[in-house]
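Visitor: Could you take me close up to one part of this model? Then please show me what lies around it.

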Amino acid sequence: MNKIRTIIIDDELLAREIIKTYLSKKNEFELIAEASNGFDGIKLITELKPDLVFLDIQMPKLNGFEMLELIEDPPIIIFTTAFDQYAIKAFEINAVDYLLKPFSEERFFESLERAQKLISSQSNHKKDFTQILNSKISSEEYLHRIVVKSGSKINLIDVEDIIYIEAQDDYTMLYTSKGNFLKQKTMKFFEENLNPNDFMRIHRSYIVKIDQIKEMEMFEKESYKVTLANGKKLPVSKSGYSKVKELLN
Amino acid sequence: MNNPIISNKKVFATYSLIWLFIAIANMCLLLFSQKISFYSAIIDSIIFNHIYFILGIGIWYTVRFNSLETYNAPKLVLNHFVAAIITSGIWIFTSQIIIYQVLNNDKSYLSFLNNSSIWRFLIGILFYIVLVAIDYLIIYYNNFQEKVLRESELKSLIKEAELNALKYQINPHFIFNSLNSISALTLSNPKLAQDMTIKLSSFLRNTLTKNDNQKSKLIDEINAGKLYLEIEKVRFNDKFEFVEELQDECKELIVPSMILQPLFENAIKHGVYESIEKVIIKLSCRKENDFIKISVENNFDPQSIPKKGAGIGIKNIQTRMKLLYGQDNLVTVKKNNNIFEVNIYIPLS
């Protein structure tokens with residue numbers, strides 16, 4: 001039987017070390033690489049195509065979730081993190097397991113068993129990531145940056161730079177002061193995860209940064225448009241109309 | 001501080017009313033004891049008292065620039081003595097010039113005017129003394145009120161600083177990651193695991209037993225901060241380095257308490273946590289003119305997008321420095337290219 005090829009991604013050396021130590025006791029697993037940040041992590045996963053990844057969530061450059069958004073065919077993930085504000089989301093992602101630091105050897109081996117079962121059963125673990133990643137991230141925090149991939153380049157967009165967001169089938173187009181970016185996320189995701197004090201859904205297909213709205217005018221009978229600071233005009237739906245009206249008053 | 005007579009309507013009204021009484025008393029005196037004609041008595045009273053009314057407002061400025069803190073008593077008395085003579089002199093001189101223009105044919109009044117100059121001069125000096133005393137009282141009262149306000153504000157700020165520090169330390173991310181490091185070290189390096197446990201304990205104990213002291217020695221602040229950095233150093237090993245450059249006079253310097261901790265936390269949070277390059281955190285302290293300048297600087301990844309709410313710690317320090325030393329701009333923040341730098345200037349006097 002082939003060994004399970006494993007990668008550890010964590011920004012702390014000692015955190016990687018303890019996983020390595022535990023892992024070395026199991027012959028069925030083979031550590032093939034380690035990374036200390038999200039950028040290197042993506043590179044390793046796409047190049048080496050591991051079976052299993054131990055993934056920390058809070059890391060420099062890209063966090064664990066942002067990394068997964070960018071990988072088309074993610075391997076089996078075991079999250080390791082110090083704090084469980086992300087636990088719910090991690091389980092939604094159908095990570096095999098979720099290890100809260102510090103964790104015991106026994107607990108760690110349980111995780112390995114689960115991963116092993118999943119891999120040997122050859123079940124289709126490629127869950128629909130996009131749908132799961134579209135859920136609310138955490139109840140406490142709103143998005144402050146969005147990660148997008150254009151070609152091989154990874155861009156981090158500050159939500160402050162967004163002007164408006166447009167629905168495009170399964171994707172959304174982010175119009176920002178730094179250019180336009182296509183992102184595989186739903187309007188619902190952005191509506192839930194952007195701070196409602198800063199962003200407003202004015203139409204089925206549009207979310208606008210509130211401070212970009214300049215004015216609203218009648219377009220046709222019972223149909224309105226808002227004008228943005230950059231001159232762009234966007235349609236407003238009925239429910240959007242009352243929200244914008246309240247805002248402008 | 002603004003002139004209290006003209007900046008406050010109520011005070012101005014009271015001031016005007018008092019002068020009205022003085023003017024009426026002045027008039028009655030001329031009418032009944034000096035047998036001056038009604039018309040002349042009114043003109044005399046209006047002109048003399050009106051002019052002192054205006055001069056009296058100006059006396060505030062002689063008080064402002066002769067503050068009790070900057071001059072010693074003899075110098076202060078001398079200054080006011082000269083100012084009193086000048087004020088009273090101007091008063092008599094201008095009043096008489098105007099009156100001569102208006103009442104040039106009331107001979108009995110004019111002779112009274114000439115004879116009364118010396119008395120009026122002395123009264124002018126008396127007015128001066130009374131007004132100066134009142135002005136000093138106003139300043140004293142205001143300073144007292146300000147002091148009370150400032151002290152209560154400082155108290156709440158130090159509480160806030162402590163709370164921030166505590167919040168940071170019981171921040172689950174920091175605490176559980178530190179415990180995870182200890183857990184890892186128990187396998188590979190038990191001695192270091194013990195060190196780390198002790199450091200983490202002293203660090204937590206430090207904040208839990210913090211007292212309300214507004215000030216402490218810089219060296220104590222530095223040691224507390226280093227303890228924190230050593231814990232992070234265990235976690236991040238070769239990802240950052242701490243460098244210090246201290247002049248000898250810095251160590252015993254008394255500084256506001258808890259001013260370094262938030263700066264170190266910032267450097268770790270925005271520098272080390274967000275960067276994949278090695279971060280150098282540099283603490284320096286040296287004399288610069290009339291100040292001791294304390295700087296904390298670190299490099300950071302300019303591409304990382306800062307989370308909102310950053311800079312609360314620095315704002316707290318800024319406000320406390322202003323309240324403690326009564327000066328603006330004692331805390332400066334510089335951000336250029338990839339270096340973030342916070343400078344704190346402690347006035348030496």
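Guide: Start with B:I18, which is found in helix 2 (residues 9–33) of chain B. Helices are DSSP runs of H or I with at least four residues, strands are DSSP runs of E with at least two, and both are numbered from the N terminus. This is a predicted model, in which local features need pLDDT of at least 70, side-chain atom pairs count only at pLDDT 80 or more, and totals for chains, interfaces and linings use all residues. Residues are numbered from 1 along each chain as its sequence is written, while chains are lettered from A and ligands numbered from 1 in the order in which they are written.

Is B:I18 buried or exposed? B:I18 is exposed, because 12 other C-beta atoms lie within 10 Å. The cut-offs, with C-beta atoms placed from the backbone, are these: 20 or more other C-beta atoms within 10 Å is buried, 12 or fewer is exposed, and anything in between is partly exposed. The C-alpha atom of B:I18 is separated by 9.6 Å from that of B:F53, 35 residues along the chain.

Now take chain B as a whole. Its secondary structure comes to 11 helices and seven strands. Of its 349 residues, 29% count as buried. Take the contacts in chain B with a separation of 6 or more: 76% of them link residues 24 or more positions apart. A contact means two C-beta atoms, placed from the backbone, within 7 Å.

Move on to helix 8 of chain B, residues 218–236. This helix has 19 residues and reaches 26 Å from its first C-alpha to its last. That is close to the 27 Å expected at 1.5 Å a residue; the expected span is 1.5 Å times one less than the number of residues. Buried residues of helix 8 of chain B include B:L218, B:I222, B:Y228, B:I231 and B:F236. Charged names are among the buried ones too, including B:E221 and B:R235. For the classes, Asp, Glu, Lys and Arg count as charged; Ala, Val, Leu, Ile, Met, Phe, Trp, Tyr, Cys and Pro as nonpolar; the others, Gly among them, as polar. After helix 8 of chain B comes B:N237, with a positive phi near 45°.

Next, the sheet. In what order do its five strands lie? The order is 2-4-5-7-6 (chain B), in an open sheet with mixed pairing. Strands pair if DSSP finds at least two bridges between them. Strand 2 (240–246) and strand 6 (331–336) of chain B are the edges, and each pairs on one side only. Neighbouring strands of this sheet are turned by 15° against each other on average, direction ignored. Look inside the sheet. Strand 4 (residues 279–288) and strand 5 (residues 291–299) of chain B run antiparallel, joined by eight bridges. There, B:E288 has B:F291 in strand 5 of chain B as its bridge partner.

Two helices go with these strands. Helix 10 (residues 261–272) of chain B packs on the sheet. Helix 10 of chain B touches strand 2, strand 4, strand 5 and strand 7 (339–347) of chain B. Its direction makes about 20° with that of strand 5 of chain B. Helix 11 (residues 312–325) of chain B lies across strand 6 and strand 7 of chain B, at about 150° to strand 6 of chain B. For such angles, axes are lines fitted to C-alpha atoms, for helices over the stretch in contact, and values run from 0 to 180 degrees between N-to-C directions.

Finally, step across to chain A. The contact between the chains takes 19 residues from chain A and 23 residues from chain B. On the side of chain A that touches chain B, helix 1 of chain A gives the most, with six residues. By class, that side has nine nonpolar, four polar and six charged residues.

The largest nonpolar core has 75 residues. Among those with the most contacts inside it are A:I78 and B:I344. Such a core is a set of buried Ala, Val, Leu, Ile, Met, Phe, Trp, Tyr and Cys residues joined through C-beta atoms within 7 Å. Leaving out residues up to four places away in sequence, A:I78 touches A:L52, A:F54 and A:A115, among others. A second, separate core of 25 residues includes A:I146 and A:Y164.
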